[in-house]
Amino acid sequence: MAQAVRQQTQQPTHHRITLNTDGQPHPLENTLVAITVTLGLVAFVTAFFYSLHLVSSWAGLVGILTGAYGQYRSATTAERYALIIGLGLAGVGFYLGMAHGGLFGGVVG
């Protein structure tokens, strides 16, 4: 029981936000996360403006597609977590954009 007697030394904790929790680099997966979250935010914010339905619906659609491929390729839980947040934002933006006029509303036909 030597481990019970030894002094436990605490290592200084460095809090960093990282998607590579397994210690391996994942450049493609991290890029997909960044694209999905960015498009999700754009789609979500522009969905609240009726006249920006083209931006919100297209950004939402592309965000959903990149998020789905990112989920397929993801290697860590942190990547999957960020992708789900981005997918949710992209989905809400896409559906509100579709309700306000759709992908081609007023431009075609």
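**Exercise 1. Against which helices do the buried residues of α4 pack?**

Before we start: this is a predicted model, in which local features need pLDDT of at least 70, side-chain atom pairs count only at pLDDT 80 or more, and totals for chains, interfaces and linings use all residues. Numbering runs from 1 along each chain as its sequence is written, and side-chain values use heavy atoms, with hydrogens and water left out.

*Solution.* 
- Step 1: find the elements. The protein chain has 4 helices and 0 strands, in the order α-α-α-α from the N terminus. Helices (H or I, at least four residues) and strands (E, at least two) are DSSP runs, numbered from the N terminus.
- Step 2: pick out the buried residues. Buried means under 20% relative accessible area, exposed over 50%, and partly exposed in between (1.4 Å probe, protein chains only). In α4 the buried residues include E79, L83, L87, F94 and G97.
- Step 3: look for their partners. The buried residues of α4 pack against α2 and α3, where contact means heavy atoms within 4.5 Å.

**Exercise 2. Describe the surroundings of F44.**

*Solution.* 
- Step 1: F44 sits in helix α2.
- Step 2: F44 counts as partly exposed because its relative accessibility is 28%.
- Step 3: setting aside neighbours within four places in sequence, F44 touches L89, V92 and G93.
- Step 4: F44 and G97 are 53 residues apart in sequence, yet their C-alpha atoms are 9.0 Å apart in space.

**Exercise 3. Find what W58 and F104 join together.**

*Solution.* 
- Step 1: the whole structure holds 4 aromatic pairs. Rings of Phe, Tyr and Trp (its six-membered ring) pair if their centres lie within 6.5 Å; planes under 30 degrees apart count as stacked, over 60 as edge-to-face and the rest as tilted.
- Step 2: W58 and F104 form an edge-to-face pair, 5.6 Å centre to centre with 75° between the planes.
- Step 3: W58 lies in helix α3 and F104 in the segment after α4 (77-100), so the pair ties together parts 46 residues apart in sequence.
- Step 4: both count as partly exposed, W58 with a relative accessible area of 35% and F104 with 46%.

**Exercise 4. Locate F49 and the nonpolar patch that includes this residue.**

*Solution.* 
- Step 1: F49 is in the loop between α2 (27-46) and α3 (53-73).
- Step 2: its relative accessible area is 47%, so F49 is partly exposed.
- Step 3: V42, V45, F48, F49, L52 and V55 make a nonpolar surface patch of about 510 Å². Patches are made of residues with over 30% relative accessible area and no salt bridge: like charges are joined within 9 Å, nonpolar side chains (Val, Leu, Ile, Met, Phe, Trp, Tyr) within 5 Å. A salt bridge is a side-chain nitrogen of Lys or Arg within 4 Å of a carboxyl oxygen of Asp or Glu. Accessible areas come from the Shrake-Rupley method with a 1.4 Å probe; for residues, only the protein chains shown count as cover.
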